[in-house]
Amino acid sequence: MSDGAQDRLDAHCMSRALELARQGLYSTHPNPRVGCVIVRDGQIVGEGWHVRAGEPHAEVHALRQAGERARGATAYVTLEPCSHHGLTPPCAEALVQAGVARVVAAMQDPNPQVAGRGLLRLAAAGIAVHSGVLEGEARALNPGFIKRMEQGLPFVRVKLAMSLDGRTAMASGESQWITGPAARAAVQRLRARSSVVLSGADTVLADAARLTVRAEELGLNAEQTALAMSRAPLRVLVDGRLRVPLEAPFYQAGAALVAACTAAGRERFRAAGHELLALPGSSGQVDLHRLLVELAARGANEVLVEAGPRLAGAFAALGLVDEYQLFVAAKFLGSSARPLLELPLTRMAEAPALKIVEMRAVGDDWRIIAVPTAAS
């Protein structure tokens, strides 16, 4: 086979592996989403994807389906096969034992416990290895896992809903509903894929928010809905002065983590089934960077911030946002309504620059995905 034909086949098979990996979008936390395809004589003989932590990895599922046909075949994996014993045995060893002749990985594993060791183990066993096929697509599938492994921080996605004049709520705080059902379903899917859904006291008090994933609003098929509902994201409330009472709907919706400036009342929260984390920062505010470090240490890959202009603005001002998802409704709320973000800017030069990476209609509304230019 010519080099060009081989490259096209590799890209085609890796594309299928990525398609499989996306099936784990809602369920693999804290593990990465991974897919695997095993090809022999130009035919797919085995496929698999990682479903959830503690269960077999993608390679194992694909090898089981391939059986003896895996011997002499090529395995396409969206992430370098692991080389260490975790909750499951190393996949690199399983590929060696199966007798595959070649392994193509989309990217190396950023996990320091792997970091090229899986490919080295395969090469040492005489298996041809190649990495970097559709790497951009593979990285886009696991932004949180990669950032957590490389920087010790989760990927922070800020969701904002606004009117055409850039307002998020009436002066009274009323904000339900700016956008329509299709946009709200998209937000539910963002929640479902996230390790953490985070909000502030202002939003929780004004909207009686629960921040739960609602199965009936996901807009997914039965299988994907079941996977999404099998793992609830951790709900986190930033409430520096503990203004939200334990009787609020947010706390009644299940166990939650509250980040405050004080540890006073910790036992009271614990008795109610919640955890109080004291993270005092400057100016009487919660230290948001320390909070993200703590969440990453607990295995959080992606954090979805659904907050009002003050808290969302604080994340932006500290440079902690990786991606903004803005849902824009075709309506005006007027000059007295609340702004999108509270950012104390006085000069045009201070305005944070963003790159719009996607813009599309969502029902009657529009979704804009933008990233800080330094992170693009």
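Here is a short chat about a predicted model, covering its sheet, an annotated site and some backbone details.

Q: Hi! What is the strand order in the open sheet of 5 strands?
A: Hello! The order is 2-1-3-4-5, and the pairing is mixed.

Q: Nice. Which strands stand at the edges?
A: Those are strand 2 (43-49) and strand 5. Each has a single partner strand, so one side of each is left without a neighbour in the sheet.

Q: And how many degrees does the twist average from one strand to the next?
A: The twist averages 15 degrees.

Q: In which sense do strand 1 and strand 3 pair?
A: They pair in the antiparallel sense, over 4 bridges. As one detail of that pairing, Val-37 has Tyr-76 in strand 3 as its bridge partner.

Q: What does helix 2 touch on the sheet?
A: Helix 2 (residues 58-66) packs on the sheet and touches strand 1, strand 2 and strand 3. Its direction makes about 140 degrees with that of strand 2.

Q: Where does helix 4 lie, then?
A: Helix 4 (residues 117-124) lies across strand 4 (102-105) and strand 5, and runs at about 155 degrees to strand 5.

Q: Changing topic: which residues does the UniProt "binding site" annotation cover?
A: The annotation, from an unreviewed entry, covers His-57, Cys-82 and Cys-91. They are spread over 35 residues of sequence but cluster in space, with a largest C-alpha distance of 9.3 Å.

Q: Is Cys-91 buried or exposed?
A: Cys-91 counts as buried because its relative accessibility is 1%, and the cut-off for buried is under 20%. Its place is in helix 3 (residues 91-98).

Q: What does Cys-91 touch?
A: Leaving out residues up to four places away in sequence, Cys-91 touches His-57, Glu-59, Val-60, Pro-81 and Cys-82.

Q: And where is His-57 found?
A: His-57 is in the loop between strand 2 and helix 2. At 21% relative accessibility, His-57 counts as partly exposed.

Q: Now the backbone. Which peptide bond is cis?
A: The bond from His-29 to Pro-30 is cis, with omega near 0 degrees. Pro-30 sits in the loop between helix 1 (3-21) and strand 1 (35-40). Most peptide bonds are trans, and most residues other than glycine have a negative phi.

Q: What about phi of Leu-134?
A: Leu-134 has a positive phi of about 55 degrees, although it is not a glycine. Leu-134 lies in the loop between strand 5 (128-131) and helix 5 (135-141), and counts as partly exposed at 24% relative accessibility.

Q: And what is phi of Leu-242 near?
A: For Leu-242, phi is positive and near 55 degrees. Leu-242 is in the loop between strand 9 (234-238) and helix 10 (249-252).

Technical notes
Residues numbered from 1 in each chain as written. Predicted model: local features only at pLDDT ≥ 70, side-chain atom pairs only at ≥ 80, totals over all residues. Heavy atoms only, no water. Helix = DSSP H or I, 4+ residues; strand = E, 2+ residues; numbered from the N terminus. Buried < 20%, exposed > 50% of the residue type's maximum accessible area, 1.4 Å probe, protein only. Pairing = 2+ DSSP bridges. Axes fitted to C-alpha atoms, helices over the stretch in contact; angles between N-to-C directions. Contact = heavy atoms within 4.5 Å. UniProt positions renumbered as here; feature names shortened; annotations may be inferred.
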